[in-house]
Amino acid sequence: MITIDPKQISERESYKLLIGSIIPRPIALVTTLSSQGVVNAAPFSYFNIVTADPPMISVSVQRKQGRMKDTARNAVDAGAFVVHISDETYIQQINQTAASLPPHESEVALAELSTVKSEKISVPGIAEARVRMECVLEQAIPLGGTQETPAADLLIGRVVCFHIDEAVYDQGHIDAEALRPVSRLAGASYSKLGEQFILDRPE
């Protein structure tokens with residue numbers, strides 16, 4: 001067994017250990033709306049469920065040299081964002097949204113995705129997604145780094161509306177095989193839904 005103290009290695013080395021160990025990670029395609037009306041889209045694999053009552057999800061947006069990324073800044077300014085579940089049907093386009101564009105350019109246009117109006121918030125969603133969640137920003141928490149220059153912004157969103165394609169919806173459940181989700185591994189590697197098995201929870 002190798003024992004490593006994170007204080008003795010670089011941030012990049014810690015990053016490699018984390019993304020190589022915590023796998024597979026679900027990918028959230030997040031849309032936000034800038035104050036200039038530009039729809040921003042970007043994928044994030046630091047993403048998960050927070051609670052079901054009320055439904056909340058979290059997305060961690062890493063900063064660049066202490067500066068907030070467009071996604072975090074827009075979410076804070078507008079108080080809302082939309083999370084889309086990544087799947088095989090549009091993963092190539094999702095990957096395109098990871099391009100570094102200036103704030104006045106839209107990754108949605110670059111990836112040739114289509115926007116769709118949201119029901120309860122001002123931020124548009126992506127029509128190609130088969131599961132999307134309209135979120136009101138519950139909290140934005142600066143984390144890591146130093147007090148002056150945090151390393152990330154943890155966005156906690158309260159889901160105020162679910163949109164689910166009938167093809168993946170089965171009597172209140174999501175059909176994982178029909179959804180064909182894609183998850184992130186390390187580097188440029190991704191994974192599809194593999195073999196499934198059932199383990200009953202002990203009493």
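Me: Which residue in strand 5 is the bridge partner of Ile49?
Reply: In this predicted model, the bridge partner of Ile49 is Ile57 in strand 5. Local features here need pLDDT of at least 70, side-chain atom pairs count only at pLDDT 80 or more, and totals for chains, interfaces and linings use all residues. Residues are numbered from 1 along each chain as its sequence is written, and side-chain values use heavy atoms, with hydrogens and water left out.

Me: What makes strand 4 and strand 5 a pair?
Reply: Two strands pair if DSSP finds at least two bridges between them; 5 bridges join strand 4 (residues 47-52) to strand 5 (residues 55-62), so these antiparallel strands count as paired. Strands are DSSP runs of E with at least two residues, helices are runs of H or I with at least four, and both are numbered from the N terminus. A hairpin of 2 residues connects strand 4 to strand 5.

Me: What is the omega of the peptide bond from Asp53 to Pro54?
Reply: Omega is near -5 degrees and the bond is cis, with Pro54 placed in the loop between strand 4 and strand 5. Most peptide bonds are trans.

Me: Why is Gln65 called exposed?
Reply: Exposed means over 50% relative accessible area, buried under 20%, and partly exposed in between (1.4 Å probe, protein chains only); Gln65 has 72% relative accessibility, and therefore counts as exposed. Phi of Gln65, a residue other than glycine, is positive, near 50 degrees.

Me: Why is Arg180 called partly exposed?
Reply: Arg180 is called partly exposed because its relative accessible area is 35%. Arg180 lies in the loop between helix 5 (176-179) and strand 13 (182-184).
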